[in-house]
Each structure stands twice: as structure tokens, then as C-alpha cells.
Amino acid sequence: MPNLLAVKATLQLGAEFTMKDVVKVLIDPEGRESWDSSLSESHTLRAFNSNLLTKRYTIKVPIPFVQPREYIEKQIVFTSNDDVYIYITSVDDSIEPLKPNLTRARTIISGTKVVKNGKEIRMELVSQMDTKLPFPPVLITNKVVDAMANFRNDFVNKLRAIKEV
């Protein structure tokens, strides 16, 4: 039976960043490895165009004796009414072999909406993943909350670094 983890979060980014920079940092697999402390690897497998790609990334698992989780996903980016949407699901495992000492987890569905309301930017995220953890995800609720806070801090720090250049 899958160990499904569901996450829903809203991240308020304020007015200090542009939509262009927020989306650019969010959707770039190669760049994400440099700022997202939860990842040990992230890269594009194949870019079909600027809005559709497949990617591989590996998440560090902050639990002793549990292997890192590898995800192979397709990412679709589109705009509607000035809001940017990012839709992600796992792809067939046969696309890319599993690396040694990793466990292949799956993104059932993930969506992010980046909204600009006046000068304020916010990200709304929903995800459901099969973590392949050897125990129910409810046991790591605090780790997930911490991970979202760390993601927001890492993300904002990267945006601030871009702004300073």
C-alpha cells in the first residue's frame, strides 16, 4: 500500500520580488540544486520546450537509516490571467534507471500557482506523493512543516541574491 503524503501550503513572498524572478528560480532544475537545501541533486533530463520538461531530483531524507528519495517527473508551466501555474507528475520509471542507494518515490500530482495581487506575490502549493517511506507519513508531519519553512527561507534567500546582482 502506498504511503501517500499530502501537502498544502501558501507562501507569502511580499512585494520585494518580480513574478519573472520568482518563476525563473522555481522552475529551473539546475539552479534549484544550488539553493534548495533539501536536495542533493536536481537536473533536467529532457527539455521539450521552455514550458515542458522532464527532470530528476533527489531529496535528502532527514531520518536516520532511510535512503534519499529520487523523483523523475514531467513539469508543465503555463500562464492564465497573469497567474503562472506549474503542474508536475511522475513519469514512467523506465525513462531513467534508478541510481544506486536511492529509493524511487512518486509524485501523484503537484501544482503551484504563482499569483501577483497588486504588488504582493504569493505561491499556492498542493502536492500528493508516494514517499515509499517504511512507515506512515503522518509520523513525519513535523519534518514536513520544517521542510516547508526551510524551502521558503532558501527560496527567498535565492531571490534576494538575484535582486542584489
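This is a predicted model: local features need pLDDT of at least 70, side-chain atom pairs count only at pLDDT 80 or more; totals for chains, interfaces and linings use all residues.
Residues are numbered from 1 along each chain as its sequence is written, and side-chain values rest on heavy atoms, with hydrogens and water left out.

Two packed helices are described by the angle between their axes and the distance between the axes. Helix α1 spans residues 19-27 and helix α3 residues 141-164, where helices (H or I, at least four residues) and strands (E, at least two) are DSSP runs numbered from the N terminus. The axes of α1 and α3 come within 10 Å and cross at roughly 125°, which makes α1 oblique to α3. Here axes are lines fitted to C-alpha atoms, for helices over the stretch in contact, and angles run from 0 to 180 degrees between N-to-C directions; angles under 35 degrees count as roughly parallel, over 145 as roughly antiparallel, 65 to 115 as roughly perpendicular and the rest as oblique. From α1, residues D21, V22, V25 and L26 meet F151, F155, K158, L159 and I162 of α3, contact being defined as heavy atoms within 4.5 Å. The residues of this contact divide into seven nonpolar, no polar and two charged, with Ala, Val, Leu, Ile, Met, Phe, Trp, Tyr, Cys and Pro counted as nonpolar, Asp, Glu, Lys and Arg as charged, and the others, Gly among them, as polar.

Side chains of opposite charge can pair when their charged atoms come close. The structure holds 12 salt bridges, each a side-chain nitrogen of Lys or Arg within 4 Å of a carboxyl oxygen of Asp or Glu. One of them joins the side chains of R160 and E16, at 3.1 Å from N to O; because R160 lies in helix α3 and E16 in the loop between β1 (4-14) and α1, this pair ties together parts that are 144 residues apart in sequence. R160 is partly exposed at 36% relative accessible area, and E16 is likewise partly exposed at 34%, given that buried means under 20% relative accessible area, exposed over 50% and partly exposed in between (1.4 Å probe, protein chains only).

Another salt bridge is formed by K99 and E41, whose closest N and O atoms are 2.8 Å apart. This pair links K99, in the loop between β5 (83-90) and β6 (103-104), to E41 in strand β2 (residues 39-49), across 58 residues. K99 is partly exposed, at 30% relative accessible area, whereas E41 is buried, at 17%. A salt bridge also connects K55 and E73, with the closest N and O atoms 3.9 Å apart, and both residues are buried.

P97, in the loop between β5 and β6, is exposed at 59% relative accessibility. Neighbours within four places in sequence aside, P97 is in contact with R56, E70 and R104. L133, by contrast, is buried at 8% and occupies the loop between β8 (120-130) and α3. Residues up to four places away in sequence not being counted, L133 touches N3, V66, R69 and I140; L133 and V66 are 67 residues apart in sequence and 7.8 Å apart in space, C-alpha to C-alpha.
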